[in-house]
Amino acid sequence: MSNPNHNTGHETHAHHGDHGDHGHHDDAPHGSLYDYVVGFVLSVILTAIPFWLVMGKVIDDKTVLSLVLLGIGAVQIVVHMVYFLHMTPKSEGGWNMMALLFTLVLVVITMAGSMWVMFHLNTNMMPMPVNMNSMP
Amino acid sequence: MSNTHTIAAGPRTSESFYLKEEHHPENGTMLGFWLYLMSDCLLFAMLFAAYGVLGRNYAAGPSGADLFDLKLVAINTAFLLLSSITYGFAMLSMYSKKLGKTLFWLGVTGIFGLAFLSLEIYEFVHLIHEGAGPQRSAFLTSFFALVGTHGLHVTFGSIWLVTLMFQLKKHGITFENKRRMSCLSMFWHFLDVVWIGVFTFVYLMGTLV
């Protein structure tokens, strides 16, 4: 008899929804229709802008354009994280965020480090001695 | 009766106080799956780094500006984005316990996934027929490795999705199926996140040369 009462209590709690913090059975935090629609609209805008910038040849300076593209891409990734993956600093007791931050640190080290080292290597190796090329 | 109750409740409330502070997730599957996704993220980071380093080494072959068809990429991006929101609709239908609607939206998601894959396979076949296969240059090797790995993920995600549709049909919206749906949801949206990196870093910036 007490069980169904318990359940309905949880249901209403979950509907008030601080992203399923109370929910026994809805283990994953889940968003509302509003979240998904907002995320989708933002994503469409953030996808359309970079394609327009490149295909319409809006910005001539390639360095500036690259930075703008990377910036918009980063913003869109955050939008996906928040609206589609429902990331909050509190989800899974904060461990989600910890793992994400740790991964981001590793990703930045990997990407920036590889490119830094390899481009330095490239510039240092580029002027190949002529006699080396003609060696048999 | 009420006295013993309060005595018994004494330590329990302090316990729940601690639980509130630390909040251990009752089911570790979501966190575990998230950790898997993070490791997958590192895998993609390596491939992105490889592309970042090798992406301009054409070996006198074609460059991204010669090869990439941005219209095709835009359509592909739209497919993946649409599949993301239709998966969201499937999740919402599942939470409101509508099995038929859930299956419908999962089906739509699967169709978008397959459309994405077929366009990508078309693109790959087209490139290879033009002589721009993975063995042509370091640029193309890293390109095929990165985009191909993403495509492989979408392939397995689609297989998982079809499997889940059968499980939902057989067992209904059970606790286990909800958990599976949540995992696939994370996986599917994560693939979309990776694709943002791919179309920005590989396709759009690759055509700027």
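Visitor: What makes a residue of chain A count as buried, and what share of the 136 residues does?
Guide: A residue is buried under 20% relative accessible area, exposed over 50% and partly exposed in between, using a 1.4 Å probe and protein chains only. In chain A, 31% of the 136 residues count as buried. This is a predicted model, in which local features need pLDDT of at least 70 and side-chain atom pairs count only at pLDDT 80 or more, while totals for chains, interfaces and linings use all residues. Residues are numbered from 1 along each chain as its sequence is written, chains are lettered from A and ligands numbered from 1 in the order written, and side-chain values use heavy atoms, leaving out hydrogens and water.

Visitor: And what share of chain B is buried?
Guide: Of its 209 residues, 51% are buried.

Visitor: Why is the pair of B:Tyr51 and B:Phe201 called edge-to-face?
Guide: Rings of Phe, Tyr and Trp (its six-membered ring) pair if their centres lie within 6.5 Å; planes under 30 degrees apart are stacked, over 60 edge-to-face, and the rest tilted. By this rule there are 24 aromatic pairs over all chains. The rings of B:Tyr51 and B:Phe201 have centres 6.0 Å apart and planes at 70 degrees, so this pair is edge-to-face. It joins distant parts of the chain: B:Tyr51 is in helix α2 (residues 29-54) and B:Phe201 in helix α7 (residues 175-206) of chain B, 150 residues apart. Both B:Tyr51 and B:Phe201 are buried.

Visitor: What makes the pair of B:Phe79 and B:Phe112 tilted?
Guide: The centres of B:Phe79 and B:Phe112 are 6.1 Å apart and the planes make 35 degrees, which gives a tilted pair. B:Phe79 sits in helix α4 (residues 70-95) and B:Phe112 in helix α5 (residues 99-129) of chain B, so the pair ties together parts 33 residues apart in sequence. With a relative accessible area of 22%, B:Phe79 is partly exposed.

Visitor: Why are α5(B) and α7(B) called roughly parallel?
Guide: Their axes come within 14 Å and cross at roughly 30 degrees. Angles under 35 degrees count as roughly parallel, over 145 as roughly antiparallel, 65 to 115 as roughly perpendicular and the rest as oblique. That makes α5(B) roughly parallel to α7(B). Axes here are lines fitted to C-alpha atoms, for helices over the stretch in contact, with angles from 0 to 180 degrees between N-to-C directions.

Visitor: Which residues make that contact?
Guide: Contact means heavy atoms within 4.5 Å. Among the residues involved are B:Leu106 and B:Phe116 of α5(B), and B:Trp188 and B:Trp195 of α7(B). B:Phe116 and B:Trp195 also belong to a cluster linked by ring pairs, including B:Tyr51 and B:Phe201.

Conventions. Helices (H or I, at least four residues) and strands (E, at least two) are DSSP runs, numbered from the N terminus.
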